[in-house]
2 protein chains.
Amino acid sequence: MRALRRQPVDRTPVWLMRQAGRYLPEYRQVREQAGDFMALCRNPELAATVTLQPLERFDLDAAILFSDILTVPDAMGLGLYFETGEGPRFRHPVRDAHAIDALPIPDPHQDLGYVMDAVAACRSALAGRVPLIGFSGSPWTLATYMVEGGSSKNFSVCKAMLYDQPQAAHRLLAKLAETVIAYLQGQIEAGAQALMIFDTWGGVLDPIRYREFSLAYMERIVSGLRATEQGRETPITLFTKGGGDWLPWIAETGCDAVGVDWTTPLDRARAAVNDRVALQGNLDPCVLHAQPAVIRTEVDRCLREYGNGSGHIFNLGHGIHPDIPPDHVQAMVQAVHELSPPYHDVPARTATP
Amino acid sequence: MRALRRQPVDRTPVWLMRQAGRYLPEYRQVREQAGDFMALCRNPELAATVTLQPLERFDLDAAILFSDILTVPDAMGLGLYFETGEGPRFRHPVRDAHAIDALPIPDPHQDLGYVMDAVAACRSALAGRVPLIGFSGSPWTLATYMVEGGSSKNFSVCKAMLYDQPQAAHRLLAKLAETVIAYLQGQIEAGAQALMIFDTWGGVLDPIRYREFSLAYMERIVSGLRATEQGRETPITLFTKGGGDWLPWIAETGCDAVGVDWTTPLDRARAAVNDRVALQGNLDPCVLHAQPAVIRTEVDRCLREYGNGSGHIFNLGHGIHPDIPPDHVQAMVQAVHELSPPYHDVPARTATP
């Protein structure tokens with residue numbers, strides 16, 4: 001929490017995107033018990049169990065709610081299901097103004113109560129051990145799945161909507177922003193202590209479209225959350241995968257931290273945001289396939305690239321892969337613990353006004 | 001050809017990556033006649049037929065050889081095949097030093113003679129109408145398929161090789177660079193008038209790994225080709241998809257032109273390469289799904305972003321999608337013709353020494 005606010009810390013904190021997941025045998029066991037992925041998300045006790053699993057193994061500095069970004073469009077009535085080998089699909093994709101106008105704005109307590117219950121269960125199980133991060137997909141990223149009807153390679157249908165029906169796209173994104181504000185506000189009330197917005201597919205847009213259709217709506221969410229006292233005090237991290245060129249714009253949204261993928265070195269990222277926000281990242285998830293000695297070298301490089309002072313939250317540049325050996329994660333966490341303290345022996349740089 | 005050399009032109013030339021392809025009904029007809037995709041590549045007359053098809057429909061300024069980057073690993077004995085819905089696969093992936101050392105360096109005439117014949121057939125059929133572009137995949141991009149055994153989502157296996165067996169990876173890439181030099185030299189001799197190297201997967205690397213394992217080998221190819229008189233006179237375009245941050249490095253390889261995807265605006269790209277090379281790109285292929293009026297607006301933006309003077313080859317930022325209506329391509333080509341002349345009324349900027 002201190003690192004998110006760029007306050008002095010003794011060592012660089014560390015967690016992993018998708019740290020509760022398939023690479024852990026104990027996760028696979030609970031998931032089998034639950035039946036399927038969404039059943040696991042819908043069961044607050046089991047969701048809390050898997051949320052805490054990585055903390056039992058590794059000395060991590062945060063827990064992130066076990067859930068999925070697609071709970072939101074599912075609650076809007078799109079009918080989420082998973083096809084083996086195909087990833088998530090929606091029974092009712094949204095492709096025109098009529099369908100968009102008919103979409104309800106889900107109530108977080110009535111329509112997504114299971115997520116709120118999972119947040120509360122996680123917070124209670126954590127008992128103050130580490131902070132709990134709540135999350136949502138960005139409006140644009142959610143819209144890609146809603147318009148395409150699932151995962152996409154080229155994003156042809158949803159991008160064509162931006163070009164041919166920009167007003168309809170804006171109405172969809174505005175509705176999603178409103179939904180996400182209420183959803184994240186609900187997560188704060190249920191116990192989330194920090195928030196992250198995943199803009200997994202912002203990087204497939206050109207810069208003009210990115211600002212207009214993705215960034216603007218993340219900014220709206222940040223402003224919306226800042227409008228309440230609890231929201232004002234909850235750190236928010238925005239992460240656009242492939243958004244390295246746009247870090248200065250992202251840092252201007254009013255967020256507290258920005259996620260960085262491995263294609264942008266942290267020294268360059270830090271200069272781009274001019275130390276106005278904390279940075280999260282940015283080890284290539286593929287490094288965890290390498291031997292522990294290589295992992296240590298790459299952790300060292302990552303810490304060195306960020307440099308001295310607070311404001312760095314160590315993480316991967318994307319979610320952990322399902323086939324990573326858990327002891328490689330152990331090697332990464334240990335390396336962050338052992339190698340980061342020297343970077344915090346010096347006074348933190350003050351933020352440029 | 002003049003634009004590639006940044007010499008004055010009357011209007012911005014235009015062609016499309018994958019312009020001979022599935023979006024054209026006449027292509028689908030020939031492909032059916034050939035049997036399968038590789039049979040079409042292996043038949044010089046049919047390859048020439050489909051290479052020229054887009055020129056019959058659209059007033060394009062270049063033809064690009066109809067072929068595939070995976071002809072090279074196929075000629076190295078990996079056993080290329082196509083699985084429906086799965087994309088290209090190799091029967092014998094290459095995953096260790098032993099397999100790498102056993103790889104032969106294919107002779108372009110003996111082992112890839114069908115490609116040389118296709119180049120000659122295309123050049124002859126073109127009869128000087130427009131120049132013919134030959135091409136190859138970059139060593140790194142070819143290596144990803146060879147190590148993974150086909151397409152990949154995360155590139156886990158080939159990236160793990162970079163970390164855990166860097167010397168083996170370097171031996172593989174050196175062999176591929178040597179192969180590609182001979183392959184492209186053969187294409188020049190057979191009639192190719194310009195060359196393009198597709199580094200489709202360079203952008204999945206971090207900057208350090210990109211320079212060491214992808215860019216260095218493209219540079220080696222450029223130098224190798226420059227060592228012969230014919231090679232010295234043949235313009236070479238390098239294209240790393242997702243390489244927007246690395247344009248200054250790419251421009252330093254000695255290439256003549258650099259491909260740019262749609263995530264980097266051309267004004268920014270032009271400043272990054274300091275007008276030392278020509279730029280090719282960079283309309284988002286998804287724009288061609290939009291209505292013709294939108295296509296025209298986006299072509300206009302692209303031309304305006306490049307600005308005045310020669311050195312711009314209009315293209316998409318990636319290959320055309322198979323479901324684009326041909327009349328949308330017509331709208332794009334026409335817009336480039338109609339809107340670009342004013343940008344060439346002024347004297348070309350001289351390159352900064």
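1. In chain B, strands E4 and E5 (residues 194–199) pair in the parallel sense over 5 bridges. Strands (E, at least two residues) and helices (H or I, at least four) are DSSP runs numbered from the N terminus, and two strands pair if DSSP finds at least two bridges between them. Gly137(B) stands opposite Phe198(B) in E5(B). The model is predicted: local features need pLDDT of at least 70 and side-chain atom pairs count only at pLDDT 80 or more, while totals for chains, interfaces and linings use all residues. Residues are numbered from 1 along each chain as its sequence is written, and chains are lettered from A and ligands numbered from 1 in the order in which they are written.

2. E4(B), residues 132–137, is mostly covered, with 6 of its 6 residues buried; buried means that 20 or more other C-beta atoms, placed from the backbone, lie within 10 Å of the residue's own. Leu132(B), Gly134(B) and Ser136(B) point one way, Ile133(B), Phe135(B) and Gly137(B) the other. In a regular strand the side chains alternate between the two faces of the sheet. E4(B) also runs parallel to E1(B), residues 63–64, to which 2 bridges join it; here Ala63(B) has Leu132(B) as its bridge partner.

3. The sheet of chain B is open, with 7 strands in the order E1-E4-E5-E6-E7-E8-E9 and parallel pairing. E1(B) and E9(B), residues 312–316, stand at the edges with a single partner strand each, so one side of each has no neighbour in the sheet. Further along, E6(B) (residues 236–240) and E7(B) (residues 257–259) pair in the parallel sense over 3 bridges, with Thr237(B) opposite Ala257(B).

4. H14(B), residues 292–306, touches E8 (278–283) and E9 of chain B and makes about 155° with the direction of E8(B). Axes are lines fitted to C-alpha atoms, for helices over the stretch in contact, and angles run from 0 to 180 degrees between N-to-C directions. Contact means that the C-beta atoms of two residues, placed from the backbone, lie within 7 Å.

5. In chain A, H6 (residues 113–126) has 14 residues and reaches 20 Å from first to last C-alpha, close to the 20 Å expected; the expected span is 1.5 Å times one less than the number of residues. Its buried residues are Val115(A), Met116(A), Ala118(A), Val119(A), Ala121(A), Cys122(A) and Arg123(A). They pack against elements including H3 (44–57), H4 (71–78) and H9 (166–190) of chain A. Just after H6(A), Ala127(A) takes a positive phi of about 50°.

6. Chain A has 15 helices and 9 strands. Of its 353 residues, 53% count as buried. Its C-alpha trace spans about 60 × 50 × 40 Å along the principal axes.

7. The contact between the chains takes 24 residues from chain B and 24 from chain A. On the side of chain B, helix H8 (residues 156–164) gives the most, with 5 residues. By class, that side has 10 nonpolar, 9 polar and 5 charged residues; Ala, Val, Leu, Ile, Met, Phe, Trp, Tyr, Cys and Pro count as nonpolar, Asp, Glu, Lys and Arg as charged, and the others, Gly among them, as polar.

Conventions
Buried ≥ 20, exposed ≤ 12 C-beta atoms within 10 Å, placed from the backbone.
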